[in-house]
Amino acid sequence: PYPWLYSIAAIGAGCILFWIPLVRNLTRAIRQITRAAETVAEGRFDIHVDENRRDELGLLGASINRMARRMLGYVNGQKRFLG
């Protein structure tokens with residue numbers, strides 16, 4: 001039974017070492033997007049989210065950047081109109 005236990009332990013350790021960087025990368029992107037959304041909700045539109053990912057999180061980051069730029073344009077236009 002020991003060779004099976006050693007192989008199972010090796011496979012488990014390999015899986016853990018493989019998944020840790022993947023999960024860390026995903027959570028870093030989600031944290032950055034969450035901070036950007038909180039910044040926009042506070043009324044500050046001078047944010048930038050990394051768009052260099054080629055997945056749904058990259059698309060979401062690009063959408064948040066585009067939304068923040070448009071909101072900044074609307075607020076600046078409103079200030080010019082009222083000034």
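The accessible surface of the protein, computed here from a predicted model, comes to about 6,900 Å², and 64% of that area belongs to carbon and sulfur atoms. Buried residues account for 18% of the 83 residues in the protein.

**Overall shape**
- The protein contains 2 helices and 0 strands, and its radius of gyration of 21 Å is well over the 12 Å that the globule rule gives for 83 residues, so the protein is more spread out than a compact globule.
- When the C-alpha trace is laid along its principal axes, it spans about 80 × 20 × 10 Å.

- In soluble globular proteins, nonpolar side chains tend to be buried together.
- In this protein the largest nonpolar core has 10 residues, namely A29, I33, A36, V40, F45, I47, V49, L57, I64 and A68.
- Both α1, which covers residues 2-41, and α2, which covers residues 56-82, supply at least two residues each to this core, and the largest share, 4 residues, comes from α1.
- One of the core residues is A36, and once its neighbours within four places in sequence are left aside, A36 is in contact with I47, V49 and I64.

**Charged side chains**
- The protein carries 12 positive side chains and 7 negative ones, and the centres of these two sets lie 3 Å apart.

Conventions. Residues are numbered from 1 along each chain as its sequence is written. This is a predicted model: local features need pLDDT of at least 70, side-chain atom pairs count only at pLDDT 80 or more; totals for chains, interfaces and linings use all residues. Side-chain values use heavy atoms; hydrogens and water are left out. The radius of gyration is taken over C-alpha atoms; the globule rule is 2.2 Å times the number of residues to the power 0.38. Buried means under 20% relative accessible area, exposed over 50%, partly exposed in between (1.4 Å probe, protein chains only). Accessible areas come from the Shrake-Rupley method with a 1.4 Å probe; for residues, only the protein chains shown count as cover. Lys and Arg count as positive and Asp and Glu as negative; His and the chain ends are not counted. The place of a charge is taken as NZ of Lys, CZ of Arg, CG of Asp or CD of Glu. A nonpolar core is a set of buried Ala, Val, Leu, Ile, Met, Phe, Trp, Tyr and Cys residues joined through side-chain atoms within 4.5 Å. Contact means heavy atoms within 4.5 Å.
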